[in-house]
Amino acid sequence: MNLKYIKAASLLMLTAAALPGISQRYTNALSPEQEMATFQLDGAFGIEPFVVEPEVLSPIDMVFDGRGNIYVVEMGDYPYDAKPGNFKGRIRLLKDTNGDGKVDQSYVFAEALPSATSVLPWKGGIIVTAAPDILYLKDDNGDFKADTREVLFTGFFARNSEAQITSLRFGPDNWVYANNNGQAGTITSKKHPEKPAVNVAGGNFRFRPDLGLFEAESGTGQFGQALDDAGHRFYTQNTLHIQQSPIAWRYAHRHDFMPSYRTDVNISDHELEMFQQSATPYWRQERSDRRQAKYDSMKTGYKEYARDHFTGASGATFYGGDGFPKEFYGNIFTGEVAGNLVHRDVIKSVPRQAAFVATRADGEKDKEFLASTDGWFRPANFTSGPDGYLYIVDMYRQHIETPVSIPEDLKKDMDFANGEQYGRIWRIFPKGGEKRSVAIPYLEGKKPEELVALLSHPNQWWRLNAQRLLLEKQDKSVVPALQKIVSESPDANARLHAFYALDGMNALDAKLVKAALSDKSPGLREHALVLAEKSPDYLPEVIRLTSDANPQVAYQACLSLGQFNGKEAMAALAQVAEKNMEEPMFRLAVLSSLPGSSPELTEMLGSRNVFKSPTPGKLKYLEDLGYIAGARNGKNEMAKLLAALENADKDFQAAALNGLAKGIKRSPNKSAPDKSVSKTLQKWSSDAPDHVKKAAESVRKALDI
């Protein structure tokens, strides 16, 4: 580490400690060396400063771009809303000018950005989230400052910097994914004004910068998004440190009549508990005590936690490097900025379950991967670097909380700007053996065939950036080499990257798609299913994969199957529904499709005697199906549903009727029912068990009959 950084940081630390008006209720800043001494880290690893203040200030994201550059996003506005005319968001450009593996130059690449939160390399520049916009910035004349400043998309929620568009990630399918926290927004493209606006309320966002495509994506991720090798997305949201949305938005919204479009799944098997080593801040303890007193007076039974439970989960990052021991590959690292620690999750696939499960590693059942006693340590984000090591983006601030959530009297001695003069990025490396130098590679100048070779690199950073550059360059001379990789490479990751490199060049033929449907890699089978939706010729393969041993492949096959029409597809979908009805995500997959929510499918299930013995999953399925039928009110839809349940178990009838009543109340297509519906409801209102009578009466009331 360059000594000038540590000396400058120490001077700033001493200056801050001497400032008047800062209450002694809160600790003062430590120098980088002092802070490093507070880290309690997994014993197999070491940690060192990579860059510290004044070279970076209030950092929240960092990326190596593949052109010898490191970009750091600085959130100078935090924790207040960005004010027009005084935007403090910056992008810092870091350079190693002498090739010794150490940053020795820091430039302000762009400034006066509103709440910049995330950065992604693209075509010699960077894409930046800065609500209400997503921007493209590029240095055109080599002065290390952005000359081009182009708005790609606009319309995103622009208040509360903790809940804005962020966490840009380039996926293996050539799409760029971003978290939107479910915030409302009508998104338009400045480059493609001819394209219709997209409503992102309730979801996240994705786009293809090469094609100008953009759409809402499922999930309500906040700050932190991890994409594994196959592109499965995991994201954080304050108390819920790891979630997943197994179903894509385009499937969940195939029709407008679902009772709920919430698709987030909390995949943690260890709930909110964490092992904090820092002291509880005075304001937090006092606020928690007040809240608890209120809950106790109301006898709610609710427990308010001031510490040891996730409240500020941030920066979920997939570790895809080759520098750590093999058992760490595929783990997800998440910061806890309120608890001053780094949490690690091991991701596992569970039979018959669409979502993964996140569990603690064996050696971390009662501790965290890294915890600090320094209350200023704020691990907001991470980067898995080209050197195979993990980088921690440490915002380093005295307080990290939105002021609107703290009582006024407690804010009197709190300086929310205290720390904007600091910022640290740490590098974690394994002990033993020779430590790797910091690699800041220049991939831009590599020939297309060299980029193709990098698709099999053991480090995900190299593979993704090679694929991205192939997408940007569109050099089709490498198509034969890519085809050979898909057909012959023993490396599953290389086959997937080559598969989508071909797709990005419009050079993926039907033969390769069909072969991919039988590939040994579950990830490639999943993605092949998505492309197989384009042609009915693939239907037999899609049906076959609904019984795949891998639950993620079987789930994608179920989703893709719902894109097909005809008796063969309907019969297969009925079989999938019968087999997986106890799994909420599979029920959603079936019902979100048009054939899966049709009365004809219910008739098929009835003919299979599915509705003879009630189970929680079957009852919920029929309640949701009833809701859809009532809300959609298609021709004879309610009549067919009731007819299919004529001889069903009475609990099934009640479940469907209860859902039907709720759907009718919210239907935009209200109309008088046909005579058969009125007759059946009249019969069930007078000649049925009480719970069926009550449900039938609720439907009659909703229909005004």
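The largest pocket in this predicted model has a volume of about 830 Å³. Of the 39 residues lining this pocket, Asp173, Tyr177, Arg206, Arg250 and Val530 are the closest to its centre. Local features need pLDDT of at least 70 and side-chain atom pairs count only at pLDDT 80 or more, while totals for chains, interfaces and linings use all residues of the predicted model. Residues are numbered from 1 along each chain as its sequence is written, and side-chain values use heavy atoms, with hydrogens and water left out.

**Pocket and cavities**

- On a 1 Å grid over the protein atoms alone, a pocket is an open set of points with protein on both sides within 12 Å along at least five of seven lines, a cavity is a set where a 1.4 Å probe fits but cannot get out, and lining residues have an atom within 4 Å of a point.
- Grid points are joined across faces, edges and corners, and a volume is the space filled by probe spheres set on them.
- At least two residues of the largest pocket's lining come from each of strand 15 (204-208), strand 16 (213-217), helix 3 (249-252), helix 9 (492-504), helix 11 (522-532) and helix 13 (551-561); helices (H or I, at least four residues) and strands (E, at least two) are DSSP runs, numbered from the N terminus.
- Helix 11 gives the most to that lining, with 5 residues.
- The whole structure holds 7 cavities of 30 Å³ or more.
- The largest cavity has a volume of about 530 Å³, and 30 residues line it, with Arg169, Ser384, Gln460, Trp461 and Leu464 nearest its centre.
- Among the elements that give two or more residues to the lining of the largest cavity are strand 3 (59-64), strand 7 (116-122), strand 26 and helix 7 (460-473).
- Helix 7 supplies the largest share of this lining, 5 residues.

- Helix 11 is largely enclosed by the rest of the structure, because 9 of its 11 residues are buried; buried means under 20% relative accessible area, exposed over 50%, and partly exposed in between (1.4 Å probe, protein chains only).
- The buried residues of helix 11 include Arg525, Glu526 and His527.
- Helix 9, helix 10 (510-516), helix 12 (539-545) and helix 13 are among what covers them.

- All 5 of the 5 residues of strand 27 (residues 390-394) are buried.
- In a regular strand the side chains alternate between the two faces of the sheet.
- Here, Leu390, Ile392 and Asp394 point one way, and Tyr391 and Val393 the other.
- Strand 26 (residues 379-384) runs antiparallel to strand 27, joined by 5 bridges; two strands pair if DSSP finds at least two bridges between them.
- Pro379 stands opposite Asp394 in strand 27.

**Arg344**

- Arg344 sits in strand 23 (residues 341-348) and is buried, with a relative accessible area of 6%.
- Its side chain makes polar contacts with the side chains of Asn331 (2.5 Å) and Glu364 (3.0 Å); a polar contact is a pair of N or O atoms within 3.5 Å, where within protein one must be able to donate a hydrogen and the other to accept it, and residues adjacent in sequence count only if both atoms are side-chain atoms.
- Leaving aside neighbours within four places in sequence, Arg344 is in contact (heavy atoms within 4.5 Å) with residues including Phe328, Phe333 and Phe369.

**Salt bridges**

- The structure holds 37 salt bridges, each a side-chain nitrogen of Lys or Arg within 4 Å of a carboxyl oxygen of Asp or Glu.
- Lys435 forms one with Glu48, the closest N and O atoms being 2.7 Å apart.
- Lys435 lies in the loop between strand 28 and helix 6 (448-453) and Glu48 in strand 2 (residues 45-52), so the pair ties together parts that are 387 residues apart in sequence.
- Arg287 and Glu401 meet in another salt bridge (3.3 Å, N to O).
- Because Arg287 lies in helix 4 (residues 282-298) and Glu401 in the loop between strand 27 and helix 5 (408-411), this pair ties together parts 114 residues apart in sequence.
- Both Arg287 and Glu401 are buried.
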